[in-house]
Amino acid sequence: MKILHFLVTDKLSGAENVMLSILRSLKDGNEVYYVSPEGPVRKFVEEAGVNFIPADTDSIPEIKRIYKEVRPDIVHACDPRMSFKCALAGIPFIAHLHNNCPWLKKLSLNSIALLYAIKKAKAVVTVSDSIEKEYIFRNALKKKLYMIPNVVDRERVETMAKEPFGGMYDIIFIGRMNEQKRPLLFLELVSEVSKKVPGVTAAMVGEGELLDEVREKLEKDGIKNVSLLGFQPNPYKIINNSKINVFTSYYEGFGLVAVESMILSKPVLGYAVGGLAGIITEDSGFLCRNNDEMAEKAVMLLSDKAMYERLSSGAKENSFRFTDTDGYTKKIKDLYDKVIAE
């Protein structure tokens with residue numbers, strides 16, 4: 001089987017990591033190709049033993065050219081934008097929706113473009129039921145929808161987490177510095193926690209369009225207890241040397257980093273959005289209604305050793321729900337076989 005994944009970015013983030021993991025798990029006995037713009041992601045793709053094809057994946061002629069040259073049995077598009085491009089290119093594809101973006105809920109150019117892509121797609125994969133519930137044109141999904149929650153390779157996370165790391169943090173933020181993840185809200189949270197927990201330390205892992213604003217706020221407000229660590233190819237060693245992982249996102253498709261944190265016995269705090277609502281349980285962390293409540297729960301965890309140990313143990317136990325990599329690979333493989341047979 002020839003499997004080709006189209007992606008829109010040149011970096012390795014949540015969705016890209018999921019798509020690469022699929023190709024890594026299916027590379028034995030199949031020809032697998034990762035297609036994206038040239039950039040830092042090439043290193044990770046090649047290290048995974050997956051064929052990398054650099055391309056302008058926003059270009060319809062480029063998409064058509066690669067499809068004609070590779071002649072894949074399966075084309076898997078990583079997100080709504082890539083799905084729309086594949087639909088315009090007139091090639092058969094599977095759409096993968098990793099996020100329940102706010103525009104899904106209303107009539108807009110984006111939601112209409114996604115509707116066009118869904119109608120052209122052979123199948124649509126979602127990572128949580130929130131997308132089906134919230135999409136304004138959800139009826140278009142019914143006959144093509146495959147809800148396959150993401151999984152995490154437990155052994156890989158635990159192995160990488162053992163790599164040496166020089167720091168230790170109370171609270172961490174891991175994700176893109178963008179409007180979805182709300183990094184500035186994280187800084188407000190740290191400021192509130194600092195008022196009640198003297199000497200609290202925090203770190204932010206990631207890059208993005210709001211990074212300069214984050215730097216400006218740190219300087220303007222004189223915040224000295226937050227370290228900016230930038231993009232990290234191995235964030236697990238940082239998670240392993242931290243106490244709490246906080247998610248200030250106002251929407252999420254799944255919440256991959258939450259599972260990775262729980263594998264390493266770290267309690268997680270977040271809002272009840274997207275997949276996080278199903279990942280974070282009362283024995284592994286807290287689902288919060290606002291930033292004040294999140295700050296309150298963070299203070300409790302950092303101040304109450306018994307509570308922290310209980311939720312730390314619960315986080316580890318809860319993570320097993322999301323680590324059946326063999327089962328996940330089988331679901332994807334079965335979907336590919338079904339699409340080919342149609």
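Seven strands form an open sheet with parallel pairing, in the order β3-β2-β1-β4-β5-β6-β7. The edges of this sheet are β3 (51-54) and β7 (145-147), each of which pairs on one side only. Between neighbouring strands the average turn is 25°, direction ignored. The model described here is predicted.

Within this sheet, strand β1 (residues 2-6) and strand β4 (residues 74-77) are joined in the parallel sense over four bridges. His-5 stands opposite His-76 of β4. Two helices that pack on the sheet touch both β1 and β4. Helix α1 (residues 14-26) touches β1, β2 (31-36), β4 and β5 (94-97), and its direction makes about 160° with that of β2. Helix α4 (residues 80-89) is in contact with β1, β4 and β5, with an angle of about 135° between its direction and that of β4.

A further open sheet is built from six strands, again with parallel pairing, in the order β10-β9-β8-β11-β12-β13. Here β10 (226-230) and β13 (285-288) are the edge strands, and each pairs on one side only. From one strand to the next, the twist averages 20°. Strands β8 and β11 pair in the parallel sense over three bridges, and Ile-172 has Asn-245 in β11 as its bridge partner. Helix α9 (residues 211-220) packs on this sheet through β9 (202-205) and β10, its direction making about 155° with that of β10. Helix α13 (residues 291-303) also packs on the sheet, where it touches β8, β11, β12 (268-271) and β13. The direction of α13 makes about 170° with that of β12.

The structure holds one cavity of 30 Å³ or more, and the volume of the largest cavity is about 30 Å³. Its lining consists of Phe-173, Ile-174, Lys-181, Val-246, Phe-247, Thr-248, Ser-249 and Glu-252. At least two of the lining residues come from each of β8 (169-174) and β11 (242-247). By class, the lining of this cavity comprises four nonpolar, two polar and two charged residues.

Two or more lining residues are given by each of α1, α7 (154-161), α11 and α15 (325-341). Helix α1, which packs on the seven-stranded sheet, gives the most to the pocket lining, with six residues. The lining residues of the second largest pocket divide into eight nonpolar, five polar and five charged.

Helix α11, one of the elements lining this pocket, is also paired with another helix. The axes of α11 (residues 256-263) and α14 (residues 305-319) come within 7 Å and cross at roughly 120°. This crossing is left-handed. On the α11 side the contact is made by Val-259, Met-262 and Ile-263, and on the α14 side by Ala-315, Lys-316, Asn-318 and Ser-319. The contact of α11 with α14 has four nonpolar, two polar and one charged residues.

Terms used:
Residues are numbered from 1 along each chain as its sequence is written. This is a predicted model: local features need pLDDT of at least 70, side-chain atom pairs count only at pLDDT 80 or more; totals for chains, interfaces and linings use all residues. Side-chain values use heavy atoms; hydrogens and water are left out. Axes are lines fitted to C-alpha atoms, for helices over the stretch in contact, and angles run from 0 to 180 degrees between N-to-C directions. A crossing is left-handed if the near helix is turned anticlockwise from the far one by less than a right angle, and right-handed if clockwise. Contact means heavy atoms within 4.5 Å. Ala, Val, Leu, Ile, Met, Phe, Trp, Tyr, Cys and Pro count as nonpolar, Asp, Glu, Lys and Arg as charged, and the others, Gly among them, as polar. Two strands pair if DSSP finds at least two bridges between them. On a 1 Å grid over the protein atoms alone, a cavity is a set of points where a 1.4 Å probe fits but cannot get out, and a pocket is an open set with protein on both sides within 12 Å along at least five of seven lines; lining residues have an atom within 4 Å of a point. Grid points are joined across faces, edges and corners, and a volume is the space filled by probe spheres set on the points.
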